[in-house]
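Good morning. Please have a look at the model on the screen, and I will go through it piece by piece.

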Amino acid sequence: MNLIPWIALIVICFIVLRSLLLFIKGGMIRDRMERSDSRFSAELFYILMIIYSIVIIGFGLIYFILSFQGIILVEHGELRQVNVLGSVIHSLYFSGVTLLTIGYGDITPIGIGRFIALIQALIGYVLPTAFVLKLVQSTREKGDK
């Protein structure tokens, strides 16, 4: 049994979860909000874009690693064998579409991939709300001072 893909999967999950928790706890935002006088800051926008990128790439790598374990993405209802580069592209595309929308339905996961896609879609749904709540909370705290 090859442990390297599973170790890589655990490391990727740890990085994605750590990034999300730092964002939700406000560690990256609070310090920058205290320095900023405006309600919208380019730095906050960049932080959100970095978080989205980390999640898209992280989940894309999870789908890619799982494709080597026999859990693959199905394109247009057909099992297609693609090369490594094609698999990376399909995984990143599916990850981005799943996080940023509900998905187009052109690529669908099989097996545990469905549950992983559900978790990613939930993160994509909740992340903007968390961002807005943190922004409102920081603005209120700044107004109270």
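How many helices and how many strands are there in the protein? There are five helices and two strands. Keep in mind that this is a predicted model. Starting at the N terminus, the order of the elements is α-α-α-β-α-β-α. The protein has 145 residues, and 37% of them are buried. Take the contacts with a separation of 6 or more: residues 24 or more positions apart account for 76% of them.

Next, a pair of helices. Two packed helices are described by the angle between their axes and the distance between those axes. Helix H3 covers residues 42-68 and helix H5 covers residues 112-144; their axes are 11 Å apart and the packing angle is about 175 degrees. An angle over 145 degrees counts as roughly antiparallel, and H3 and H5 are therefore roughly antiparallel to each other.

Which residues meet where H3 packs on H5? On the H3 side they include Leu 44, Ile 51, Val 55, Phe 59 and Tyr 63. On the H5 side, Ile 116, Gln 120, Ile 123, Leu 127 and Phe 131 are among them. Sorted by type, the residues of this contact are 19 nonpolar, three polar and no charged.

Gln 120 deserves a moment. This residue is in helix H5. Is Gln 120 buried or exposed? Its relative accessible area is 0%, so Gln 120 is buried. Leaving out residues up to four places away in sequence, Gln 120 touches Val 55, Ile 56, Phe 59, Tyr 63, Ser 95, Thr 98 and Leu 99.

Now the core. The largest nonpolar core has 27 residues, and those that touch the most other members are Leu 20, Phe 23, Ile 51, Val 55, Phe 59, Ile 62 and Leu 127. Helix H1 (4-25), H3, helix H4 (84-100) and H5 each supply at least two residues of this core. Which element gives the largest share? That is H3, with 12 residues.

Apart from its neighbours within four places in sequence, Leu 20 is in contact with Ile 51, Val 55, Ile 123 and Leu 127.

Compare that with Leu 17, which sits in helix H1. Leu 17 has a relative accessible area of 52%, and the limit for exposed is over 50%, so Leu 17 is exposed. Leu 17 and Val 55 are 38 residues apart in sequence, with their C-alpha atoms 8.7 Å apart in space.

On to one of the strands. Thr 108 lies in strand E2, residues 107-109. Thr 108 has 35% relative accessibility, so it counts as partly exposed. What does Thr 108 touch, not counting residues up to four places away in sequence? It touches Ile 72, Leu 73, Val 74 and Phe 94. From Thr 108 to His 76 the C-alpha distance is 7.9 Å, and the two are 32 residues apart in sequence.

Last, the record. An unreviewed UniProt entry carries the annotation "transmembrane region" for residues 6-24, 44-72, 84-103 and 115-136. In the model, residues 84-103 are 85% helix and 0% strand, with the end C-alpha atoms 23 Å apart. Residues 115-136 are 100% helix and 0% strand, and their end C-alpha atoms lie 32 Å apart.

That is where I stop.

Key: Residues numbered from 1 in each chain as written. Predicted model: local features only at pLDDT ≥ 70, side-chain atom pairs only at ≥ 80, totals over all residues. Heavy atoms only, no water. Axes fitted to C-alpha atoms, helices over the stretch in contact; angles between N-to-C directions. Helix = DSSP H or I, 4+ residues; strand = E, 2+ residues; numbered from the N terminus. Parallel < 35°, antiparallel > 145°, perpendicular 65-115°, else oblique. Contact = heavy atoms within 4.5 Å. Nonpolar A, V, L, I, M, F, W, Y, C, P; charged D, E, K, R; others polar. Buried < 20%, exposed > 50% of the residue type's maximum accessible area, 1.4 Å probe, protein only. Core = buried A, V, L, I, M, F, W, Y, C linked by side-chain atoms within 4.5 Å. UniProt positions renumbered as here; feature names shortened; annotations may be inferred.
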